Amino acid sequence: MQLTVLRAIPQNQFILIKDLNVAQLTELQTALNFLGYPAGDIDGKYGPKTRNAWAEFVDDVHQGDSESINAESVNKLQQMLDEGKPIHAHDFSTPDGTIA
């Protein structure tokens, strides 16, 4: 998967995740779900699952601000996608995501 819409974020500019447009959120949700971070439905809407999935990604991989995105974090996301190694995280936000 190649990120295209998120690549348009300028260097040295931080954008709050909640302020991304529908196309940017859709691409982010797709990438996070592919990598195993449960962002929920790919609907281009900012919600708790998208917020939590991004926060998990940042905590695991990027070590940046979990409330915003910038060119550096997009590059790290693309690097993970290029490596093609989904994390296979567990979605504990629903009963189906729990481990018995």
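Okay, ground rules. Since it's a prediction, local features need pLDDT of at least 70 and side-chain atom pairs count only at pLDDT 80 or more, while totals for chains, interfaces and linings use all residues. Numbering runs from 1 along each chain as its sequence is written, and side-chain values use heavy atoms, with hydrogens and water left out.

Let's start with the rings. There are 2 aromatic pairs here (Phe, Tyr or Trp rings, the six-membered one for Trp, with centres within 6.5 Å; planes under 30 degrees apart are stacked, over 60 edge-to-face, the rest tilted). Take tyrosine 37 and phenylalanine 57: the centres sit 5.8 Å apart and the planes are at 90°, so we call that edge-to-face. Tyrosine 37 is in the loop between helix 1 and helix 2, phenylalanine 57 is in helix 2, and they're 20 residues apart (helices are DSSP runs of H or I, at least four residues, numbered from the N terminus). Ring pairs tie Tyr37, Trp54 and Phe57 into a cluster.

Phe57 also turns up in the largest nonpolar core, which has 23 residues; Phe57, Ile69 and Leu77 have the most contacts inside it. (Such a core is a set of buried Ala, Val, Leu, Ile, Met, Phe, Trp, Tyr and Cys joined through side-chain atoms within 4.5 Å, where buried is under 20% relative accessible area with a 1.4 Å probe, protein chains only.) Helices 1, 2 and 3 each give two or more residues, and helix 2 gives the most, with 5.

Last one: glutamine 29, in helix 1. Buried or exposed? Buried, because its relative accessibility is 0%.

Methods. Buried < 20%, exposed > 50% of the residue type's maximum accessible area, 1.4 Å probe, protein only.
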